[in-house]
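Here are my notes for your read-through. Please go through them with the structure open beside you.

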Amino acid sequence: MQEVLVLGAGYASLAFIKSLSKEVLQAYSFTLVSQSYQHSVQVLLHDVVAGLPGCHALSLTEILPQGVRFIQDEVLEIKEGVVVGQQQEHPYTHLVVGLGFASESFGVAGVKEHAHTLSHYKQCQDLHQQLQKALQASPKPLEIVVCGAGFSGIELVGALADAFKDKVRITCVEAMSGILPMFVPKLAQKAHKYLQSLGVRLQVGAKILECLENGVLVEINGQKEQIGADFVFWTCGVRGSPVIENSPFFKSARSRVEVNGFLEPVGLEKRGVFVLGDCALLKDAQNRPYPPTAQLASQMGAYLGAHFKSVLVNKPPKNSFIYKPKGTICSLGTHYAIGQIGGLCVTGKPALWLKKTIEWWHRRVLKL
């Protein structure tokens, strides 16, 4: 029996497994290897840090179809025909890599030593506990600096501002001239105005030079300035899992492997290996890499799962993968959101309702 090994329990891997037909699941051996026994809802990690209520993680026992084996192990390296784990080696005839992301420092000094990143559920739970203890011990509001005003940074800022209100003073530092560059300017401006109404200081046009033990060093209009902080959060970007970089089997950049239209690593075609999600570098028709998102990862997994029967009998899928963006919604705490769905812009409660509906649908699909 062919051994299909799936690495990681994120959006891509689970979308792949949930898209497999019963016929394929019964005819072949499927094993999921993950360091955690839970699926962490990565798009809600900011809520975990802030301590906001919600369903932020699901047990894999609630998700995996009957017949899919689960092994809890940390993946260290991928080789041809075998995956090296901390506990044991895992042989495979077909491999689906969906190991997720790691934070990208872009070479800024002090990020690893002094800044907190949002990487997984348990780590974000621990961060929330650290914040709570610091708040209890401090006679004055905590100074929090969030580095990066992209999607993740702004959602974190909004969640912290709502959860802790007058107990914290938040500064968001961004090198670009504005926040949320993925949205049209009018939506980004509304988000800017709303965050300011919550008391958030948005320091745009500030290049981060170094993360320090008690703040960040930035350059604004050619002048260096230190912004003090009790907590520094780093949300400036992501790269693929370090496992990719640690595996000479792959050719990669920033731990991302370029894949073709069938999601095979370029240079390793027809080897039964597929790379999905944050570890994959997929280019559009203009040869530009798609930014890694949960939406892209889920569509990759669903495509591969739907066509996997052909793969297992050595027939290429009839159609290559085509990414179809379905819109983007960014929450700014518990009371406001902005969204862009095609040419439609939504703000406030309607956008927030849409976001919560999408989250509910994701959980429902996983449990089906």
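1. How many residues does the hairpin use to join β14 to β15? The link is made through 2 residues. Keep in mind throughout that this is a predicted model. Strand β14 covers residues 206-212 and strand β15 covers residues 215-220. The two run antiparallel and are joined by 6 bridges.

2. Next, a sheet. Three strands form an open sheet in the order β22-β23-β24, and the pairing is antiparallel. Its edge strands are β22 (328-331) and β24 (344-347), each of which pairs on one side only. Neighbouring strands here are turned by 10° against each other on average, direction ignored. Between β22 and β23 (residues 337-341) there are 4 bridges. Within that pairing, Cys330 stands opposite Ile338 in β23.

3. Now Phe183. It sits in the loop between β12 (168-174) and α7 (185-197). Is Phe183 buried or exposed? Its relative accessible area is 5%, and the cut-off for buried is under 20%, so Phe183 counts as buried. Leaving aside neighbours within four places in sequence, its contacts include Thr328, Ile329 and Cys330. Arg288 is another matter: Phe183 and Arg288 are 105 residues apart in sequence and 18 Å apart in space, C-alpha to C-alpha.

4. Helix α7 deserves a look. It has 13 residues and reaches 18 Å from its first C-alpha to its last, close to the 18 Å expected. Leu187, Ala188, Ala191, Tyr194 and Leu195 are its buried residues. What covers the buried residues of α7 includes α6 (151-164), β13 (201-204), β23 and β24. Just after the helix, Gly199 takes a positive phi of about 95°.

5. Buried in α11 are Gly348, Ala351, Leu352, Lys355, Glu359, His362 and Leu366. Down the axis of α11 these buried residues fall within an arc of 105°, so they line one face of the helix. Note that Lys355 and Glu359 are listed among the buried residues. On the other side of α11, Lys349, Pro350 and Trp353 are exposed.

6. Last, the aromatics. The count comes to 11 aromatic pairs. In one of them, the rings of Phe16 and Phe308 have their centres 5.0 Å apart and their planes at 85°, so the pair is edge-to-face. Phe16 lies in helix α1 (residues 11-18) and Phe308 in helix α10 (residues 308-312), so the pair ties together parts that are 292 residues apart in sequence. Phe16 is buried at 0% relative accessibility. Phe308 is buried too, with a relative accessible area of 0%. Ring pairs link Phe16, Phe30, Phe274 and Phe308 into a cluster.

Methods. Residues numbered from 1 in each chain as written. Predicted model: local features only at pLDDT ≥ 70, side-chain atom pairs only at ≥ 80, totals over all residues. Heavy atoms only, no water. Pairing = 2+ DSSP bridges. Axes fitted to C-alpha atoms, helices over the stretch in contact; angles between N-to-C directions. Buried < 20%, exposed > 50% of the residue type's maximum accessible area, 1.4 Å probe, protein only. Arc of directions from axis to C-beta. Contact = heavy atoms within 4.5 Å. Phe/Tyr/Trp six-rings, centres within 6.5 Å; stacked < 30°, edge-to-face > 60°. Expected span 1.5 Å × (residues − 1).
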